[in-house]
Structures are given as C-alpha cells and as structure tokens.
Amino acid sequence: MPELPEVETVRRTLTGLIKGKQIVAIGTDWEAILRDGLDEVRARLVGETFTRVDRRGKYLLLRLTGDWTLVSHLRMEGKYMLATDHEMPHERWTHVWFTFADGSELRYMDSRKFGRMNVVRTGTENVAISGLASMGPEPVASDFTVDDFAAKLAKHKKAIKSVILDQATVAGVGNIYADESLWRARVHPERPANSLTLAEVTRLHDAIIEIMAESIKLRGTTVHSFVDAAGQVGGFQDRLAVYGHQGEPCPRCGTKIVKIKVGGRGTHFCPHCQVAPAKAE
C-alpha cells in the first residue's frame, strides 16, 4: 500500500499535470470506486477546473473550482497517469477517467479495485470522511510533538508497531516505515507501547520524522508496483535497513534480520539492536 511518502510524491507530480485543466467528461467501468456514484460525480465536477492537489496522511485532496474537493485514497494498488490524448487506448486496469477540455485525460488505474473517491465541499473533508476525522498529526516537527506522542503511547499495552500503524497516533505511517523507524530507534516491534521510556519515545518520534522526510526526498519506496503520476519509481528502497531483508545482516551490527508477524503484519527487525520485551512470569 502506498504510504505517506509515496502519496506525497504522487501529489507533487500530479499537481503539475492537472492544475488548470477543466473537466468536460467523466467515465468509469467500476462505479464502486466513486462512492457518490457516477451521475452525482458528473453533476458536481463536469465543467470545474483543478486548482491544486493537497494531501492529508495517505489521502489525496484534489481541489477544484466550485468549492469541490475530490478525496482519493489509493489503497493497495491505485495510481494516476495523464494521457495526452483522450483517444489513446486505456491501459489495463484503468477504471476511472477525467477528460479535459484540452483533449488530455487523467486516468486512475487500480488492479485490485480497492481505491475510493469521494466528492465533498472543500473544507468539509475532515467531517465527511471518517478516516480524516480521526487522523493524527502529520509526521513533521511542527505537528507531531514528543509530549503528545508519549501521552498516546502511555494509553496502550499493545505492541508499539501496532500503535504507530494506527493513523490516529500519527498520520501516514505504514508497514515499511514502521519497521524502518523502529529499527532506527532501536525499539523492538513487540514492546508494549506503554513500556517505552521517554528517551525511547523521543528516539522513535525523531526516527519517524527522519525516515519519512528521507523517503519523500527520494520520491518514495518502490517495493512492488509503486510509480508516481509521471510513471517514475521511487528511490528509498535502496536505503531500507530491515524491511524485506530477512536473513540478511543488519547494517548496524551484522546480526541476521528476522521476520515475524505483529498484529497480522509482516515485521522485520534486528534481534540484537532491538531487544525483545521480557516475557511475563
């Protein structure tokens, strides 16, 4: 699933591709992606123009004239691309398309058809979309504070990895970046969240911010199929320390990386650098 750095990379590339383009037609062959239904989406958006693209957590917020916002969640495999000519054949897995007045077409592709789009009044998305209403702070120093993070962790006995994957704790952290952040902070993924010392909370807080910023700078992580709206792959996969490296030496100490399940998610860590929690008697 695209995580925050990948969605931010899509946002940046998509902005330059669609800003100023007016919609003249909208089509789909899988209407479930359009939560409001095709007729309603057409009624609201045909004739409107894209003005910018914002992001909140893993959600894209495509702003249009008329005070409309198209809220798009890519889920597992969703991706956008711009066809310069709307008469070009649709690529495989193209399920939603926005035809523009200049003859180009924005196409949404999704092999699993899990992605979803909602059209809401701009400024109401935090109320209208439940995932946005409950979302925690963005993983940047100006929003994400150690004190708030420590207070949230203190409420949970469950594994720290599961807590930081909860979007109410911090926005945009998914499986890859949770593993990488915990490794950098030297925190075992199964540690009860409320067992972390303030020093460990601070290290993890800083690691999350650093990892996310580094990945954004490198245009995200391409492990399976991620490409941005211009069709380019990310670069952070070359910096991954533990994710996907089970059985390989830890880049910090040389111990073999281990893969386990935490909360049903594949989890990679170094058993030497990230000491396991003591088992209850």
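This is a predicted model: local features need pLDDT of at least 70, side-chain atom pairs count only at pLDDT 80 or more; totals for chains, interfaces and linings use all residues.
Local features need pLDDT of at least 70, side-chain atom pairs count only at pLDDT 80 or more, and totals for chains, interfaces and linings use all residues. Residues are numbered from 1 along each chain as its sequence is written, and side-chain values use heavy atoms, with hydrogens and water left out.

Start with the sheet. Helices (H or I, at least four residues) and strands (E, at least two) are DSSP runs, numbered from the N terminus. Two strands pair if DSSP finds at least two bridges between them. An open sheet holds 4 strands in the order 1-6-7-5, with antiparallel pairing. Strand 1 (23-28) and strand 5 (79-83) are the edge strands, each pairing on one side only. From one strand to the next, the twist averages 20°. Angles run from 0 to 180 degrees between N-to-C directions, and axes are lines fitted to C-alpha atoms, for helices over the stretch in contact.

Strand 1 pairs with strand 6 (residues 94-100) over 5 bridges, in the antiparallel sense. Thr28 stands opposite Val96 in strand 6. Helix 2 (residues 38-45) lies across strand 1 and strand 6, at about 170° to strand 1.

Next, the hairpin. Strand 2 (residues 50-56) and strand 3 (residues 59-64) run antiparallel, joined by 6 bridges. The hairpin has 2 residues between these strands, and Gly57 in the turn has a positive phi of about 60°. Val53 stands opposite Leu62 in strand 3.

Glu125 sits in helix 3 (residues 125-128). Glu125 is buried, at a relative accessible area of 7%. Buried means under 20% relative accessible area, exposed over 50%, partly exposed in between (1.4 Å probe, protein chains only). Contact means heavy atoms within 4.5 Å. Residues touched by Glu125 include Leu61 and Arg63, not counting residues up to four places away in sequence.

Now the helix packing. Helix 1 (residues 4-18) packs on helix 8 (residues 198-217) at an angle of about 35°, with axes 9 Å apart. The contact involves Leu4, Pro5, Glu6, Glu8, Thr9 and Arg12 of helix 1 and Met212, Ser215 and Ile216 of helix 8.

Last, the cores. A nonpolar core is a set of buried Ala, Val, Leu, Ile, Met, Phe, Trp, Tyr and Cys residues joined through side-chain atoms within 4.5 Å. The largest has 29 residues. Helix 8 gives the most to this core, with 8 residues. Apart from it lies another core of 27 residues, among them Leu34 and Tyr108.
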